[in-house]
Amino acid sequence: MKSSRYSSLALAAAVCVLLSNCQQLPEKRPEAPHKLAPWHLGEIIQTFKVWSTSDSGLGSLREAIDLANTSPGTDQIIFEQDDGLYNEPQTIYLDSPLPEITDNLLIDGFIKEMLWKASGIALDGQNRHQILLVSPRTKLKVKHLTLQNGRSRNGAAIQNKGELVVESSTFNDNGGTENGGAIYSDGPRAIIYNSTFYENFAKDAGGALYFASGTNRLVNTTFTLNKAERGGAVFNQAALELVNSILANSSPGEDCHSEGTVTANIQNTIESNTGCGQPYSSKDPRLAKPGYYNGPVKSIPISTASAEFNWGDNEAAVDENGKPLVWDQRGNGDPRYACGITDIGAFEIQPAVNMEIDTLSDQDIRGCTSAKNDCSLKGAIALTNYSPRYSKITFDKAVFSTPTTLYLDDSVAVSKNLLLDASTVATVTLQSDHPSLKTVGDSVQVETINIRFSK
């Protein structure tokens with residue numbers, strides 16, 4: 001089989017001569033997220049360990065928060081016990097709301113050395129109490145925690161009057177008698193990413209989240225089965241960016257309701273909404289049941305058949321400091337970009353990747369797993385453009401057992417070095433009225449084996 005190699009300029013010239021029509025591809029994304037100022041919690045001064053699941057007393061979370069509030073500067077609270085207490089899921093049942101957070105604080109529920117095993121901490125309001133309250137001019141970051149069964153007028157799990165960041169946490173069955181069943185944010189900023197909200201409720205608005213003020217962002221977060229008259233998942237009357245998130249299965253009202261400003265709506269699934277912008281998809285995401293699929297909190301998987309699989313926006317999948325997300329909600333062990341492009345929602349499928357073209361479709365089908373008919377040329381190239389692991393695309397022997405032509409209605413952008421290898425199948429012809437392949441970048445090279453181009 002004959003092999004050929006082109007630099008970006010040589011390939012463009014060769015394809016243009018062959019197909020006689022070069023043009024610029026349209027921009028991938030019609031809008032970009034606003035660059036928020038980096039969120040700095042501050043250097044950690046002291047670390048307080050929680051080694052008891054009791055509501056109060058020595059080693060309790062309540063004691064740790066009291067100590068952190070009286071300790072000047074930023075502190076952190078972690079959960080450690082020498083006897084392996086946290087090597088399986090534990091619940092702290094609260095007899096009253098936890099102390100108001102009055103000094104910058106990180107509460108980190110990640111349990112070390114528990115990869116692929118269920119672990120973690122749930123804070124339980126026992127259907128009577130609000131769980132956390134953040135005072136004005138105070139910063140709180142919560143990560144790898146479950147907050148459940150909180151009850152309050154507004155913000156049964158967290159009421160935020162300061163600046164809040166939530167990472168890789170799960171909120172379920174929290175209820176507000178007015179607004180914001182899980183979180184009510186009335187401070188200058190709230191950023192939530194890699195998190196899951198299910199079965200939360202509010203009587204009026206924001207069954208899961210209510211943004212009353214400030215500049216706020218949701219990234220790679222999943223909402224399902226939340227309830228409110230307005231905005232079953234999210235109600236916004238502030239400034240809000242929605243990125244790579246799933247808002248679905250709310251009742252009785254829509255999933256998202258905004259009377260404020262939605263400054264960006266990037267690759268979201270929103271089944272129904274008022275004022276939240278045009279979503280990527282409004283179809284049922286076909287979510288699985290919550291479970292311990294790894295990590296310290298329950299998460300909710302999508303499937304490889306979901307429209308959300310490999311359809312997020314990598315550039316917008318960032319944390320509170322604008323840095324790319326590394327893991328999905330479950331943390332260490334489950335990469336955020338398993339196939340090269342992030343999934344939409346908190347959960348990233350970790351499939352066995354097979355970059356083998358198995359369909360003649362011209363659509364962007366980017367499953368590329370062992371399933372049949374889930375990997376088109378456009379889809380495979382889209383994934384390899386972003387993936388540091390894959391730079392070779394092959395062709396299914398059954399589909400391409402005889403000489404086959406792939407018809408392309410527009411150019412396919414290639415932004416990294418790539419090998420299209422048809423050496424084990426019959427000759428493959430790429431036919432289009434436009435350049436079949438268009439390289440992006442001066443140093444990008446495409447090598448083809450047993451591939452022909454035709455107009």
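Asp 442 counts as exposed, at 68% relative accessibility. It sits in the loop between strand S37 (437–439) and strand S38 (446–449). Ser 415 is 27 residues away from Asp 442 along the chain, yet their C-alpha atoms are separated by 9.6 Å. The model is predicted. The protein has three helices and 39 strands. Its radius of gyration is 25 Å, close to the 23 Å that the globule rule gives for 455 residues, so the protein is as compact as a globular protein of that length.

**Overall build**

- The C-alpha trace spans about 75 × 50 × 35 Å along the principal axes of the protein.
- Buried residues make up 58% of the 455 in the protein.
- Take the contacts between residues at least 6 apart in sequence: 70% of them join residues at least 24 apart.
- The protein exposes about 18300 Å². Carbon and sulfur atoms supply 48% of that area.
- The protein carries 39 positive and 52 negative charges. The mean positions of these two sets are 4 Å apart.

**Confidence**

- The average pLDDT of the protein is 91.
- A score of at least 70 is reached by 92% of the residues.
- Residues 5–30 are a stretch where pLDDT stays under 50. For this stretch the model has 53 contacts beyond four places in sequence.

**Backbone details**

- Which form does the peptide bond from Ser 251 to Pro 252 take, and what is its omega? The bond is cis, with omega near -10 degrees. Pro 252 lies in strand S26, which covers residues 251–252.
- Glu 199 is not a glycine, but its phi is positive, about 60 degrees. This residue is in the loop between strand S17 (196–198) and strand S18 (201–202). Glu 199 is partly exposed, because its relative accessible area of 41% falls between the cut-offs of 20% and 50%.
- Asn 373 also is not a glycine and has a positive phi, of about 55 degrees. Its loop runs between strand S31 (356–357) and helix H3 (377–386). Asn 373 has a relative accessible area of 53% and is exposed, because the cut-off for exposed is over 50%.

**Helix H3**

- How many of the ten residues of H3 are buried? Nine of them are, so the helix is mostly covered.
- The buried residues of H3 include Leu 377, Ala 380, Ile 381 and Leu 383. Lys 378, Thr 384 and Asn 385 are also among them.
- An α-helix has 3.6 residues a turn, so residues three or four places apart point the same way.

**Pro 136**

- Pro 136 is found in the loop between strand S7 (132–134) and strand S8 (139–143).
- With a relative accessible area of 39%, Pro 136 is partly exposed.
- Leaving aside neighbours within four places in sequence, Pro 136 is in contact with Lys 161 and Gly 162.
- Ser 432 is 296 residues from Pro 136 along the chain. The C-alpha atoms of the two are separated by 60 Å.

**Ser 306**

- Is Ser 306 buried or exposed? It counts as buried, because its relative accessibility of 7% is under the 20% cut-off.
- Ser 306 is placed in the loop between strand S30 (273–274) and S31.
- Ser 306 touches Pro 285 and Arg 286, not counting residues up to four places away in sequence.
- Ile 344 is 38 residues from Ser 306 in sequence. In space the two are 9.6 Å apart, C-alpha to C-alpha.

**Trp 51**

- Trp 51 lies in the loop between strand S2 (44–50) and helix H2 (61–70).
- At 42% relative accessibility, Trp 51 counts as partly exposed.
- Which residues does Trp 51 touch, not counting those up to four places away in sequence? They are Leu 58, Gly 59, Glu 80, Gln 81, Leu 85 and Tyr 86.
- Asp 83 is 32 residues from Trp 51 along the chain, and the C-alpha atoms of the two are separated by 9.5 Å.

Terms used. Residues numbered from 1 in each chain as written. Predicted model: local features only at pLDDT ≥ 70, side-chain atom pairs only at ≥ 80, totals over all residues. Heavy atoms only, no water. Helix = DSSP H or I, 4+ residues; strand = E, 2+ residues; numbered from the N terminus. Rg over C-alpha atoms; globule rule 2.2 N^0.38 Å. Buried < 20%, exposed > 50% of the residue type's maximum accessible area, 1.4 Å probe, protein only. Contact = heavy atoms within 4.5 Å. Areas by Shrake-Rupley, 256 points an atom, 1.4 Å probe, with all protein chains shown as cover. Lys, Arg positive; Asp, Glu negative; His and termini not counted. Charge placed at Lys NZ, Arg CZ, Asp CG, Glu CD. pLDDT = per-residue confidence, 0-100.
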